[in-house]
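The following paragraphs lead the reader through one protein structure. Please look over the sequence and the model before reading on.

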Amino acid sequence: MENGDHGDVVLEAKKSKLKPPPMFKVLLLNDDFTPMDFVVAVLQTFFSMNREQATQIMLKVHIEGAGVCGVYPNDVATAKVEQVVTFARQHQHPLRCVMEET
């Protein structure tokens with residue numbers, strides 16, 4: 001019985017040493033051509049923001065050059081970047097969306 005308990009303790013110690021997976025910020029970058037309304041629509045569509053949240057991020061992108069849309073695991077962040085870029089190109093906008101590790 002005692003060995004079984006000890007095994008659990010060791011297992012628990014190993015678990016706690018595992019690092020959580022890296023997270024990635026998804027950012028929109030400012031350009032001089034993409035309409036502000038389109039950026040707001042992208043934020044609402046792909047990042048589940050309400051109009052007010054989306055407008056705040058859009059203004060941050062416009063004024064500061066970049067804005068964080070959200071923080072996700074690698075695969076989710078990659079998919080979001082691809083979705084946004086594809087959607088922007090379909091509508092002939094040069095909107096740039098990138099990801100960087102947090």
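The protein has four helices and three strands; helices (H or I, at least four residues) and strands (E, at least two) are DSSP runs, numbered from the N terminus. Starting at the N terminus, the order of the elements is α-β-α-α-β-α-β. This is a predicted model, in which local features need pLDDT of at least 70 and side-chain atom pairs count only at pLDDT 80 or more, while totals for chains, interfaces and linings use all residues. Residues are numbered from 1 along each chain as its sequence is written, and side-chain values use heavy atoms, with hydrogens and water left out.

Of the 102 residues in the protein, 30% are buried, where buried means under 20% relative accessible area (1.4 Å probe, protein chains only). Among contacts (heavy atoms within 4.5 Å) with a separation of 6 or more, 70% join residues 24 or more positions apart.

His93 is buried, with a relative accessible area of 16%. Apart from its neighbours within four places in sequence, His93 is in contact with Thr34, Pro35, Phe38 and Ala88.

The cysteines deserve a separate look. A disulfide is a covalent bond between the sulfur atoms of two cysteines; here the term requires a pair of cysteine sulfur atoms within 2.5 Å. The structure holds zero disulfides.

Conventions:
Buried < 20%, exposed > 50% of the residue type's maximum accessible area, 1.4 Å probe, protein only.
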